[in-house]
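Take a look at the model below, then work through each task before you read its solution.

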Amino acid sequence: DLGQPSAFLGNSLTPPTAAAMKNALKLLEELGAVECDLQAVVEDSKTCASLTDTTTQLTALGFHLATLPVEPRIGKLIIYGALFLCVDPALTIAASMASKSPFLSPFDNREAANESRKAFSIDDSDHLTIVTAFKKWRELRIRKGDGAASRFARENFLSRIALFQIEELRKQFSSLLVEIGFLPAGFRLERAGETSDSNKNAKNISLLKAVLCAGL
């Protein structure tokens, strides 16, 4: 409700460059978050990024992304995770993207660290590898406590700080999904196992890849 993005941002104290605004519109368009009014276009190109004067409108997806205080690709990833009933791994991937990888690579023990990482690997995907490692750490922490989980992290060159950051961000993201109605009001992430409705497809690797690609 603040007018066209380029006009609104152009009035700020330090306006972004035209190139930055075009790139931002291009990303939002590729994500399916905005649509352009192309009626006045005389150029061959038909994308928001090529236009200096155009009308952009939020799509239904864009409206929901605008309510989430996260980067739009991460927002789309967690929304799709909820829609396609694989919310737990989607939240883990989103949280790792918003923080940092839990895998350590010490200079004096890099080969062993790489071997340990390969043990968690799924289809040569860095994101799915993180999902596997985090899941094993979390399950061990629930079953045997912090001591066992700490040993597991140390033996597998995983950062405890990064793992706890991912856990906290997962909770925050799940709360956001509840607020905008993509998860039920009583949803609790710590109780949502793979047998719950929200995670019926959590083990479907092909679907997880599709959700990840849609978000990115």
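**Exercise 1. Where does Leu2 lie, and is Leu2 buried or exposed?**

Remember as you start that this is a predicted model.

Step 1: Find Leu2 in the segment before helix H1, which spans 5-10.
Step 2: Check its accessibility. Exposed means over 50% relative accessible area, and Leu2 has 61%, so Leu2 counts as exposed.
Step 3: See what Leu2 takes part in. Together with Phe8 and Leu9, Leu2 makes a nonpolar surface patch of about 290 Å².

**Exercise 2. Which residues of the largest nonpolar core touch the most other members, and which element gives the largest share?**

Step 1: Begin with a general idea: in soluble globular proteins, nonpolar side chains tend to be buried together.
Step 2: The largest share, seven residues, is from H7.
Step 3: Zoom in on Leu158. Setting aside residues up to four places away in sequence, Leu158 touches Pro102, Phe103, Leu104, Ala133, Phe152, Ala153 and Leu163.

**Exercise 3. Is Ser96 buried or exposed, and what is Ser96 in contact with?**

Step 1: Locate Ser96 in helix H5.
Step 2: Compare its accessibility with the cut-off. Buried means under 20% relative accessible area; Ser96 has 8%, so Ser96 is buried.
Step 3: List its contacts. Beyond its neighbours within four places in sequence, Ser96 is in contact with Ser101, Ile130 and Ile166.

**Exercise 4. Which residues of H8 are buried, and what covers them?**

Step 1: The buried residues of H8 are Ala148, Ala149, Ser150, Phe152 and Ala153.
Step 2: Their cover includes H7 and H9.
Step 3: Now look just past the end of the helix: just after H8, Phe157 takes a positive phi of about 55°.

**Exercise 5. What is the phi of Asp123 and of Asp124, and where are these residues found?**

Step 1: Recall that most residues other than glycine have a negative phi.
Step 2: Read the angles. Asp123 has a positive phi of about 50°, and phi of Asp124 is near 55°, also positive.
Step 3: Check exposure. Asp123 is exposed at 51%, and Asp124 is exposed at 75% relative accessibility.

Notes: Residues are numbered from 1 along each chain as its sequence is written. This is a predicted model: local features need pLDDT of at least 70, side-chain atom pairs count only at pLDDT 80 or more; totals for chains, interfaces and linings use all residues. Side-chain values use heavy atoms; hydrogens and water are left out. Patches are made of residues with over 30% relative accessible area and no salt bridge: like charges are joined within 9 Å, nonpolar side chains (Val, Leu, Ile, Met, Phe, Trp, Tyr) within 5 Å. Accessible areas come from the Shrake-Rupley method with a 1.4 Å probe; for residues, only the protein chains shown count as cover. A salt bridge is a side-chain nitrogen of Lys or Arg within 4 Å of a carboxyl oxygen of Asp or Glu. Helices (H or I, at least four residues) and strands (E, at least two) are DSSP runs, numbered from the N terminus. Buried means under 20% relative accessible area, exposed over 50%, partly exposed in between (1.4 Å probe, protein chains only). Contact means heavy atoms within 4.5 Å.
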